[in-house]
Amino acid sequence: MTRKRGTFPLGGLLALATAGFLTMLTETVPAGLLGDVGRGLDVSEAQAGQLLTVYAAGSVIAAIPLTSLTRGLPRRPLLVATVAVVALVNILTAVSDSYALTMATRLVAGMGAGVQWAMIAGYAMRLVDEPVKGRALAVSMAGVPTALAFGVPVGTYAGDLLGWRYTFAVMGGLALLVALWIHTTVRPFPGEEAATRMPLRRVFLLPGLVAILASALLFEVGHMNLYTYVDPYLRRAGLGDAVSPVLLAFGVAAMAGLFAAGAFIDRNLRAVVIGTLGLFAACMALFGLLGTEAWPVVVVMFGWGSALGLAPTMFQAASARAAGPAADVAQSMIVTVLNAGMSIGSVTGGVALGFGGVAVLPWISCAVFVLAAAIAVGARRNAFPAPVTARAAQPETERENVA
């Protein structure tokens, strides 16, 4: 399969996006079906909730080592295999009567998802030429905010309409179709040759990558610190009866932010990163100041959602550019720190909630986002450099030193 220079392989990128959508649905849909799943497996709702925990744990544990171990394999068959794993797990979940088996398959699904997330961003950027890499990345990742925005309500609705077992079976069947779509549409790439494969430690120490990982970790901590407890926060603002529509609007704003990422990341990644982290910090400060006022909180939720749509894509773009040929390994590190940040942020918010109440959460998140923005501002040489057009006039030797 050949590609003419300058073309934009929308079909292949949408296949990647759909794979990401179904993989994220696999992670999030159980949240809307916990009661039904618990009754079906004869466990408590709390035990059913561990289906989400073990999935995330699989991604954290496996993303870096499995991505590193599979670097030499042809990329398209490996990507298809990760989608097939998601399909198989959903089908097994649909027919399983064993809680232990279901938990084990969810762990395997999380491991496959960790490898898949590490591959999609780098794969999308390899499919296109340099001027549109950010746009390709945004398209390929569109499934994530879509699933986050609609996954739980869609899962709940499908569970009511079809039953939870048929819901998982449908997701499994769709994932098999997407695996076939990727196989027939997405351009193949070889794996890394052993002689040129960069050791894991050297990838981690690539100039700028540590700053990118630190900023990404802090972003997720700051986000989850409040988002985990957004329900009591919204109730404090008098929005207890409108949590679902407010979160739906939040998800739509996240999708709008993702489209903005596609438009601006290729032009000035540094400005996008600093501006997005600044927007996060500003939203948290406004939440802290106006947290008891319903309409101001709703308005600020749109800003928060827009920033969330931008954030993962900008960190993925930055890490892929910093890592070059080792982009998949760098992406696996991004996957790991984002999942770690989810856990740390949730725990931090829970501790703060117990000691200071919901009113303190936005201020903690604001401080975390300010720190992330400070790292981004300081990391101007390699992690988040100025646009190429602004540096083109520098002497060649100076540009080499900067690189």
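**View 1. Alanine 158 is buried, at a relative accessible area of 15%.** Buried here means under 20% relative accessible area, exposed means over 50%, and partly exposed is in between, using a 1.4 Å probe and protein chains only. This is a predicted model, where local features need pLDDT of at least 70 and side-chain atom pairs count only at pLDDT 80 or more, while totals for chains, interfaces and linings use all residues. Residues are numbered from 1 along each chain as its sequence is written, and side-chain values use heavy atoms, with hydrogens and water left out. Alanine 158 sits in helix α7, residues 143–162; helices are DSSP runs of H or I with at least four residues, strands are runs of E with at least two, and both are numbered from the N terminus. Setting aside neighbours within four places in sequence, alanine 158 is in contact with Gly163 and Thr167, contact being heavy atoms within 4.5 Å. Glycine 32 is 126 residues away from alanine 158 in sequence, yet their C-alpha atoms are 9.7 Å apart.

**View 2. Leucine 161 is another residue to look at in helix α7.** With a relative accessible area of 58%, leucine 161 is exposed. Its C-alpha is 29 Å from that of leucine 234, which is 73 residues apart from it along the chain.

**View 3. Helices α2 (residues 34–41) and α8 (residues 164–185) pack at about 105°, with axes 9 Å apart.** That makes α2 roughly perpendicular to α8; 65 to 115 degrees counts as roughly perpendicular, under 35 as roughly parallel, over 145 as roughly antiparallel, and the rest as oblique. On the α2 side the contact is made by Asp36, Val37, Gly40 and Leu41, and on the α8 side by Trp164, Arg165 and Phe168. These residues split into 4 nonpolar, 1 polar and 2 charged. For the axes, lines are fitted to C-alpha atoms, for helices over the stretch in contact, and angles run from 0 to 180 degrees between N-to-C directions.

**View 4. Aspartate 42 has a positive phi, near 60°, in a residue other than glycine.** Most residues other than glycine have a negative phi. Aspartate 42 is in the loop between α2 and α3 (45–69), and at 71% relative accessibility it counts as exposed.

**View 5. Leu277, Trp304 and Phe315 touch the most other members of the largest nonpolar core, which has 122 residues.** Helix α14 gives the most to this core, with 15 residues. A nonpolar core is a set of buried Ala, Val, Leu, Ile, Met, Phe, Trp, Tyr and Cys residues joined through side-chain atoms within 4.5 Å. Beyond four places in sequence, leucine 277 is in contact with Phe219, Met314, Phe315, Phe369, Ala372, Ala373 and Ala376.

**View 6. Threonine 313 lies in helix α14, residues 294–323.** At 1% relative accessibility, threonine 313 counts as buried. Beyond four places in sequence, its contacts include Leu137, Met141 and Ile265.

**View 7. Arginine 381 is in the loop between α16 (361–378) and α17 (388–391).** Arginine 381 is partly exposed, at 48% relative accessible area. Proline 207 is 174 residues from arginine 381 in sequence, but the C-alpha to C-alpha distance is 8.6 Å. Confidence is highest in α16, at a mean of 96, and lowest in helix α18 (residues 396–402), at 42; pLDDT is the predictor's confidence in each residue, from 0 to 100.

Terms used:
Ala, Val, Leu, Ile, Met, Phe, Trp, Tyr, Cys and Pro count as nonpolar, Asp, Glu, Lys and Arg as charged, and the others, Gly among them, as polar.
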